[in-house]
Amino acid sequence: MSQVRTRGPLVRVLTVLAVLALAAFAFQRLMVWHDSFFDLRIYMSAVNWWGDGHDLYDYAQPDRVQGALYFTYPPFAALLLFPFGLLPLGVTQALFTLGTVAAVVVTTYWLVAPLARRQGWPAWYAVGIAAPLVLVIEPLRETITFGQINMLLVVLIMLDLLVLGPRGSKWTGVGIGVATALKLIPGLFIVYLLVTRQWRAAFTAMGAAAAVTLLAAAIAPRASWDFWTSELWNTARVGRLDYTGNQSLQGLLARLVAPEQPAKWLWLLLAVAALGFGMWRAARAGLAGDAVTGLALTGLVSGLISPITWPHHLYWFVPAIVTLLAAAQRARDGRRWGWLAFAAGTYAVCVVGVVSVVDWGVAAVPTDTVGLFLARNAYVLLSLVLLVFLPINRSRDYPTSGAI
């Protein structure tokens, strides 16, 4: 194993950043634990309500910003969460937090190991630097403090695309299929498998999604009927479209005209354009052997086209930043600093975020200045920029984890 050049200026800078990130993360945990596992409390209350004999999707919990909030996931997710409702809430909170941190460490390893080894660093040294930096960004802060399950979905998707797929495993696609059955929007990664001509993996994903969905229907027929025939189509159950935390294209439009509703035809037009262009670029990346960029672009598209996209859904900025760092690593001229600046700017936006620093209140008011438009739509705008300018790295310059 190569020795780490601890006296190199780059290593010193990264080490300082990691220490600062750990300090910032500790401060955020101690002083700004304002979300208090709010979403996890809804999950546990809903499954316990369900266990008491009530209809799962009738459960409602009041919220000062968005009115009543409900359990919105498919029945398979409820079945997966049900055993946690039998535990003390504090134990469940600890398990979810530890699970998210462990998932960040694993996925960070999959992303940065190729860059580290090409740089001559031990992979786990790079992970030790990078993982705290990932934990500091708002999407991960919100995932932990709300008690969300997003990193489970990320692990399932990345296991398929970065580990099993490059190895030619017959199980490739199962993770994406299960993730789709848990939360639907990961189904866009099945589209990614199709447009990159990974036919077997795509059909495996479809089969896995159908199998676990049918299993859930067999165990919970009433909840399955309610979800697939009614609750799936009711976006009002998820929250207000104009709330600043909704970082989708529809959220951007809603904030422009609040308290009125945005025109559906305009949203559909923009969503179709983002879907078509984004998946075209993702296909180019995947067919060129750059699975990380394909992963990032598909994830960003999913956030843009979903009716409601909360900050904790937007982990996909992390592989996008890694793509930018890979481009900087292989650049041989002044473009290196351009890619590094792009990566640093993307990271800075993710650290500051859209809801952590500013309390936007509960009023449905339009964004009527340029400053407000930029601040309240930072993730939407950044996603669009990345959709256009994210570079595609050649496979020989950035091999996927499965090829190591």
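Helices here are DSSP runs of H or I with at least four residues, strands are runs of E with at least two, and both are numbered from the N terminus. On that basis, the protein chain of this predicted model holds 18 helices and 2 strands. Of its 404 residues, 52% are buried. Among contacts with a separation of 6 or more, 73% join residues 24 or more positions apart.

**A buried helix**

Helix 5 covers residues 123-136. From first C-alpha to last, helix 5 reaches 20 Å, close to the 20 Å expected for its 14 residues at 1.5 Å a residue. Because 11 of those 14 residues are buried, helix 5 is largely enclosed by the rest of the structure. The buried residues include Ala123, Ile129, Pro132 and Val136.

**A helix pair**

Now look at helix 8 and helix 10, whose axes come within 7 Å and cross at roughly 40°. That angle makes helix 8 oblique to helix 10, and the crossing is right-handed. Which residues meet where helix 8 and helix 10 come together? The table lists them by helix.

| Helix | Residue range | Residues in the contact |
|---|---|---|
| Helix 8 | residues 174-183 | Val174, Ile176, Gly177, Val178, Thr180, Ala181 |
| Helix 10 | residues 199-219 | Thr204, Ala205, Ala208, Ala209, Val212, Thr213 |

By class, this contact of helix 8 with helix 10 has 8 nonpolar and 4 polar residues, with no charged residues.

Conventions:
Residues are numbered from 1 along each chain as its sequence is written. This is a predicted model: local features need pLDDT of at least 70, side-chain atom pairs count only at pLDDT 80 or more; totals for chains, interfaces and linings use all residues. Side-chain values use heavy atoms; hydrogens and water are left out. Axes are lines fitted to C-alpha atoms, for helices over the stretch in contact, and angles run from 0 to 180 degrees between N-to-C directions. Angles under 35 degrees count as roughly parallel, over 145 as roughly antiparallel, 65 to 115 as roughly perpendicular and the rest as oblique. A crossing is left-handed if the near helix is turned anticlockwise from the far one by less than a right angle, and right-handed if clockwise. Contact means heavy atoms within 4.5 Å. Ala, Val, Leu, Ile, Met, Phe, Trp, Tyr, Cys and Pro count as nonpolar, Asp, Glu, Lys and Arg as charged, and the others, Gly among them, as polar. The expected span of a helix is 1.5 Å times one less than its number of residues. Buried means under 20% relative accessible area, exposed over 50%, partly exposed in between (1.4 Å probe, protein chains only).
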